[in-house]
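I opened this notebook to follow a few helices through the structure and to check their lengths against their surroundings. My entries follow in the order in which I looked things up.

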Amino acid sequence: MNPRKTKSKPNGDQIGDLIRFVEDDLSSNQPRTPATTFDRELTQKLHDMVPDADLVHLQQCAIRRNAALRHAREKKKHLSHQHFVEVRALLRSVPAQPATRLTILSFLYSAEAYFHFKFSEKGVAERFLWRSLKIDRTLQDRYGIDPIDIHRLQTASNFCRMWKGGGEFKRALPVLLDAARYAAGNEAAWPFPECATRRRIGRSSEIWRAMTHQLLGELFVGLAEAQDGVEAGEIARFVDQACQSSDAILPDFIRLPLEAKRAFFEDDPGAFLSRARVALDPGYAENPLVYFLLLRDVGVAVRPDSPGQADQIMTLVRQGSGRFQRVPAVLSRH
Amino acid sequence: MLKLSRYCVASEPFADSDSGHIKHVIMSGRTGEVRVIDAQAWDNLTAADEGYADISPQTRYELTEIEALVPEGEDELSVILSRNEAAQKDSRLFYLVIQPTASCQLGCGYCGQEHTNQILDTADTKKLVDLAEHKLSAGDVEVFQVGWFGAEPLNALKKVYELSAKFQKLSERHGCAYGAKVVTNGVKLKHGVAARLNHTCGVKMVEITLDGDKSFHDKRRFTKKQRPSFDKIYQNLLAVARDPDIDFRLNIRCNVDEENVDGVFPLIERLADDGLQDRIQFYTAPVHSWGNDAHLRAVEKERYARWEVECIAFLVNKGFRPSIVPNRKDVVCLAAMDHGLLVDAYGEAFDCTEVSFVPTYGDDNIFKIGTMKNGVDQGARSIFKDYAKGVAHGEYPCGSCEILPLCGGSCPKQWNEGLCPCPPTKFNIRERMLLHYCASKLQPAG
């Protein structure tokens, strides 16, 4: 990519060392699961502030909303719509505290956004995601429901999935990076300033770290999806800028894989291998998706000089991918 | 707040030997989910008018999730009918039932069909393939399923082979999954025929009718020349069932009325003695009107329902795995499918499987919705629409029946004809639920 730089060839011992490290890592580590969940935190918060009847109401709406989502995923448009109608009817007919109603409404808009996205009404989907974001801002600023911040990030992620689905990588990837930085504790990085909150909250718990890794994983999936496409050059520049930007003080677990990715885009296999080895060092358990996507890049980068070792690496990627409940499409393409 | 769903059914209480507690099995008809609940919790539920304060949050959540508890103000009938309608619209199945011939070797007394040697002719065959092509090319079909139905479909085997090949090609071209089932009397289901149906015609299920053990079966399912048929059919069944290379599902249907009810258990014993427990699904069905008076000799419904439970228990004891509790049924039959159609050997089209070849419905069949020659009038599909309207307007008792979500209303045509097609499940659902629980406690053999 960068004509000024001289290519360095990967060293066979270096590759062998990396393969041994990955084999050992995969056999001895499991991915972490957060001790607490967003659902639990949100429910606890609401439990402290709304009557029991409201919690029952929330549950009923959540159950129907989830059924609506399940049907949408199965492409059952009318059944999905019917369940959304039932949630709306519940909302109208049951009196509840404003915070309860707004919580139900925010999640409902997110789910309906998915419905419209699934059935090719992207304009409506985007509008509904905005509504959800705005309601979440109210829930956080006016009602102090801080766990909803996770839902805001999930909405940011949903925007990006929608944009990526439409091939708008240049729009999606910066938002994912900013969302990951925000989740990692950088308030200023919130990707939708028009919907920023006034409240400042601590983001040190395990749940935030899990969210950061989820967003980082989605960013790396997006990079992998775009790196062979028509926007590859621009994507490479985006990664380069992300690594260089002085206002982006990145924690190591974001910076190291991004720097490795930059080296990959610079088409310098030797340098990339060194960077990748550093980025993979925390191990598979840290962020399995980023780990295997980087490993896949290593396989691609070393193939011209060491095809046998490239095959070994791709075998490890395949084995590792089997650990995912749903293997991301980009990871199953070698 | 919440209320107990009108479609939540509970069994009689029973003493659970594991825990020593008195319990009920409950079934939420809205989702088809079955649970076991402590009698005390059930008593609280049925007595509750205080917002279910005495029920633990966990139990409340679980019951809400399976829709045994529902929002207090919800019009449940309206929700069920709306969901059924939505499911019908969402169906991406094109279900084409074909009666390739009007002929049948058997002359069963309860059959309402008029049999002739008519076979679907070349012109209608071509039109039928065109119709399928048109359906699949519209792009909203994911699964193309063909039902070979009679009279006796295997009396027109060449037609079945010819059309199967064409349909499979069509499906492949349009990216649809293809599958077929055959409903047959079994007389011509020789091993070679079964193998070909399975391996080259996409047949995934075959249903054979046996009306009891030999002596009972032969008294009612004899040939038109009054010859017995049991031995031939049973030999075919054994040959097919014992070939591991033939992997379609095998259903044995047993039509039951006063005449043969005593012959069913001996048949089950025979099937069990022949080791077919893992190979076949056995079920019974009460004889009903097929545009005739067959229902008049049916076993009285509640007695049949009691007998049916005994029969299911007998099947379980013999090592079979019968379907014990029904699933949620949102699309009740062909009549309720937007993409469902029956085409008979005369090239006539219907939205019901029980009206073609039936002389009672006139020379120019009153249920006909088109022909292959002149096209099918989708607007003429009225059997299910008339029924659904009737339920919504309270004209049929289904609107207040606790098992409506499970039976889907049963046969809409019979309701429209003034008959009452309520399935036995209406009368034995509670016993079935207990049996389901007992069966779940049995250790698998071996």
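Before the first check I noted that the expected span of a helix is 1.5 Å times one less than its number of residues. I also kept in mind that this is a predicted model.

Entry, helix α5 of chain A. I took residues 98-118, which are 21 residues and should therefore span 30 Å, and I found the end C-alpha atoms 30 Å apart, in agreement with that expectation. I then looked at burial and found α5(A) mostly covered, with 15 of its 21 residues buried. Just after α5(A), I noted that A:Ser120 has a positive phi of about 60 degrees.

Entry, helix α5 of chain B. I listed B:Val160, B:Leu163, B:Ser164, B:Phe167 and B:Ser171 as buried in α5(B). Seen down the helix axis, the buried residues of α5(B) fall within an arc of 115 degrees, so they line one face. I recalled that an α-helix has 3.6 residues a turn, so residues three or four places apart point the same way. On the face turned away from the buried side of α5(B), I found the exposed residues B:Lys158, B:Lys169, B:Glu172 and B:Arg173.

Entry, surroundings in chain B. The cover over the buried residues of α5(B) includes β7 (93-98), α4 (122-137), β8 (143-148) and β9 (177-184) of chain B. After α5(B) comes B:Gly175, with a positive phi near 70 degrees.

Entry, domains of chain B. I read the division as domain 1 (2-74) and domain 2 (85-343), and their C-alpha centres lie 38 Å apart.

Key. Residues numbered from 1 in each chain as written. Chains lettered and ligands numbered in written order. Predicted model: local features only at pLDDT ≥ 70, side-chain atom pairs only at ≥ 80, totals over all residues. Buried ≥ 20, exposed ≤ 12 C-beta atoms within 10 Å, placed from the backbone. Helix = DSSP H or I, 4+ residues; strand = E, 2+ residues; numbered from the N terminus. Arc of directions from axis to C-beta. Contact = placed C-beta atoms within 7 Å. Domains from an automatic or database assignment.
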